[in-house]
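Q: Could we go through this structure together, starting with whatever stands out in its helices?

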Amino acid sequence: MITAVGLTKRYGPKVAVDDLSFEVRPGVVTGFLGPNGAGKSTTMRLMLDLHRGGGETRFDGRRYRDVPRPMREIGAVLEAKAFHPTRSARNHLLMLAAANGIGSARVDEVLALVGLSDVAGGRPKGFSLGMSQRLGLACALLGDPHTLVLDEPANGLDPHGIQWLRDVLKSLAAQGRTVFVSSHLLAEMAQMADELVVIGRGRLIDSGPVSDFVGRFTRTTVLVRSPEASRLADLLADDGATVDSLSDGSLVVGGADAAAVGELAASYGVVLHQLVTRTASLEEAFLSATGAAEEYRGVSTHGSAA
Amino acid sequence: MSDALAFEAVRVRTIRSTYWLVGLALLLGALVAVALALATRDEPVDAALVAVGVTGGSQFSPLPFAAVLVGILGVFATGHEFRHGTVQPSLLALPRRSALVAAKLVVVALVGAGAAVAGLALNWVVTVVSRGAVVSVPDGEILLGYVVFVVLWGWLGAALALLFRNIPGALVVLLVVPLVVEPLISALSLVPAMDWLRDIVPYLPFSAGTSLVTVVDVGEATEAAGGTAALGRWAGGLVFAGAVGAVLAASWVLFERRDA
C-alpha cells in the first residue's frame with residue numbers, strides 16, 4: 001500500500017506537482033497517467049525521496065528513506081539508461097545487490113527473468129532502449145520487493161516486450177504486490193492497469209478503476225446522416241440535445257441516444273441515411289480529461305494555411 | 001554504513017578506470033625514480049635525492065603524478081554518478097545520502113593510500129635495482145606526508161565532482177588551479193606593486209599541500225630569489241586539508257539538499 005499526501009514540488013515560481021494526494025492499493029496494477037510534462041516523473045522522485053519537496057509518501061506506513069535495505073521492499077526504476085557504459089549488467093546488479101545484502105544467485109535469477117542472461121557479462125554501452133528497460137526492471141526486481149514503482153517501463157519496448165511486461169506486472173500484482181507504473185500512453189495503460197491515477201499539470205484529475213475513468217470522461221454520442229441535416233439539427237437543438245456539424249454534413253449529437261434521435265426524426269418525417277451510436281475511445285477520454293491540463297501543446301496547423 | 005561500503009567496494013572494482021589510474025600512477029612515479037637513480041648511479045648516495053625518487057619527484061611538480069591520478073579517481077567516484085545517471089539507482093539502494101558520501105570517501109582514501117604506499121615501495125625497489133645497491137628508506141615523516149597528500153587529492157577530486165555534479169568542471173579546477181592560478185599569483189607577488197600578495201602565497205592550497213611531500217628544503221633558495229618560503233610540512237598540510245575540508249563540507253551539504 002502506497003499513501004501519498006500533499007506532494008508538492010516547485011521550481012522557482014513554477015509548480016510542477018501541486019498538492020497531489022493518492023493511494024495505490026496492493027493486488028492490482030495501478031497506472032499513473034498524464035501527458036508529457038504533467039509531473040509524473042517528478043512525483044515518483046518525490047515519492048522515493050530523490051527530489052526534495054513538500055508532502056510525504058508512505059510505503060506501508062514508512063518513508064522510503066526510513067526503510068532499511070529498501071530494495072528488499074520497494075523496487076523502483078526511474079531512468080532506463082542509468083548505468084555505467086562499461087560496467088557489465090551483471091556487475092551493475094551485483095553492486096546494487098551488495099548495498100542491500102542480496103546474494104549473487106538472485107542477480108543471475110533476475111537476469112534470466114528479464115531475458116538478459118546472454119548479454120549480462122558484456123558492456124551495456126550498446127544496449128537498446130528496450131534492453132536498458134529490461135535491465136532497469138531487473139534492478140527493481142532484485143530484492144523481490146512487495147512494491148514496485150516504475151517510470152515509463154514500456155518506453156522503447158517492442159510489442160512483444162510490452163506484452164511480456166504486462167504479463168510480468170499482472171502476475172506480480174496477482175501475488176498481492178503493489179504495482180505503480182507510469183505512462184503517457186493511455187492505450188498502453190488500458191492493457192496493463194486495473195486502476196488509474198490521472199494527473200495533469202501536477203494536479204490530480206481522477207483516480208479509480210480504469211472503467212470508471214473511461215465512463216466519467218467519455219461521452220456517448222450519436223452520428224446521424226440526413227439529407228435534411230440542418231432541419232434535423234434545429235429540431236434536436238430545440239429538444240435540448242447538443243449538435244455539432246461535421247464537414248461532410250453529418251451531425252454528432254450529444255445528450256440524446258440513437259432511439260430518441262430516430263423517433264424525433266420519424267415524428268417530423270425527416271429522412272435518415274445513417275444512425276450510429278459512438279462511444280469515445282480511451283484515448284478520447286484521456287484527451288478530454290487532460291485537455292485543459294496539457295503542459296506543452298503545439299499550435300494546430302489545420303485550416304490556418306488560408 | 002557497511003552496506004554502503006560493500007556497494008562502493010563493488011563500484012570501484014568494476015570499472016576499468018580504477019585500474020588504469022592506479023597503474024599509471026605507479027608507472028609514472030617509477031619512471032621518475034628510475035631516471036633519477038640511473039642519472040646519479042655513479043655518485044655517492046644522497047638521501048635527499050633518494051627521497052625525491054621514492055616520492056616520484058612530487059615536490060617539484062605542480063601536478064604530482066600519483067596525486068593527480070588519485071584525484072581523478074576521486075572525481076570519478078562521485079562524478080560518474082551524475083555523468084551516467086547512476087545517482088538514482090545508487091540512492092534507491094542507499095537512501096541515506098551521507099552514508100553514500102562517507103563510503104565513497106573511505107574507498108577513495110583506501111585506494112589512494114594503497115596506491116601511494118605501493119608507489120613508495122615500487123619506487124624504492126626500482127631505485128635499488130637501478131643503482132645496483134641498497135639505499136636507505138626515506139624518513140617516516142616523508143612517507144606519511146606523501147600518503148596523506150595523495151589521499152587529500154583524492155578527496156578533493158570527489159568533493160569537486162560532488163559540488164559541480166559534473167566531471168569536466170571538477171577536472172578543470174583540479175588541474176587549472178595548481179597549474180595556472182597558483183603559479184600566476186606566486187609570480188605576481190614578485191611585482192613590487194603587488195607585494196601584498198606575498199602574505200597570501202604560503203596559504204595557496206595546492207602550494208601549501210606540496211609541503212607534505214617536501215624532501216629538500218628549498219626555503220632559503222626561494223627567499224633568495226625573492227619568493228616566499230613555504231609553510232612547514234604539517235602546517236602546509238593543514239592548510240591544504242582545510243581547503244579540501246571546506247569544499248567537501250559545501251558539496252556534502254548541497255548533496256543532502258539538492259534533488260538527485
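**Notes on the model**

A: Helix 4 (residues 65-83) of chain B bends by about 35° at Ala77(B); the bend at a residue is the angle between axes fitted to the seven residues ending there and the seven starting there. Helices (H or I, at least four residues) and strands (E, at least two) are DSSP runs, numbered from the N terminus. The model is predicted: local features need pLDDT of at least 70, side-chain atom pairs count only at pLDDT 80 or more, and totals for chains, interfaces and linings use all residues. Residues are numbered from 1 along each chain as its sequence is written, while chains are lettered from A and ligands numbered from 1 in the order in which they are written.

Q: Is helix 4 of chain B buried or exposed, then?

A: Of its 19 residues, 17 are buried, so helix 4 of chain B is largely enclosed by the rest of the structure. A residue is buried if 20 or more other C-beta atoms lie within 10 Å of its own, exposed if 12 or fewer, and partly exposed in between, with C-beta atoms placed from the backbone.

Q: And what follows helix 4 of chain B?

A: Gly85(B) follows, and its phi is positive, near 70°.

Q: What is the secondary structure of chain B?

A: Chain B has eleven helices and zero strands. Its radius of gyration is 19 Å, close to the 18 Å that the globule rule gives for 260 residues, so chain B is as compact as a globular protein of that length. The radius is taken over C-alpha atoms, and the rule is 2.2 Å times the number of residues to the power 0.38.

Q: What does the C-alpha trace of chain B span, and what share of its residues is buried?

A: Along its principal axes the trace spans about 60 × 50 × 25 Å. Buried residues make up 48% of the 260 residues in chain B. Among contacts with a separation of 6 or more in chain B, 79% join residues 24 or more positions apart; two residues are in contact if their C-beta atoms, placed from the backbone, lie within 7 Å.

Q: How many residues does each chain put into the contact?

A: Chain A contributes 29 residues and chain B contributes 24 residues. On the side of chain A that touches chain B, helix 2 (residues 89-99) of chain A gives the most, with six residues. That side divides into 16 nonpolar, six polar and seven charged residues. Here Ala, Val, Leu, Ile, Met, Phe, Trp, Tyr, Cys and Pro count as nonpolar, Asp, Glu, Lys and Arg as charged, and the others, Gly among them, as polar.

Q: Moving to chain A: why is strand 3 largely enclosed?

A: Five of the five residues of strand 3 (residues 29-33) of chain A are buried, so the strand is largely enclosed by the rest of the structure. Val29(A), Gly31(A) and Leu33(A) point one way, Thr30(A) and Phe32(A) the other way, and all are buried. In a regular strand the side chains alternate between the two faces of the sheet.

Q: Which strands does strand 3 of chain A pair with?

A: Strand 3 of chain A pairs in the parallel sense with strand 7 (residues 178-183) of chain A over five bridges; two strands pair if DSSP finds at least two bridges between them. In strand 7 of chain A, Ser183(A) is the bridge partner of Leu33(A). Four bridges join strand 3 to strand 8 of chain A, which run parallel, and there Gly31(A) has Leu196(A) as its bridge partner.

Q: What about the sheet with the order 2-1-4?

A: Three strands of chain A form that open sheet, and the pairing is antiparallel. Its edge strands are strand 2 (14-24) and strand 4 (54-59) of chain A, each pairing on one side only. Seven bridges join strand 1 (residues 2-11) to strand 2 of chain A, with Glu23(A) in strand 2 as the bridge partner of Thr3(A).
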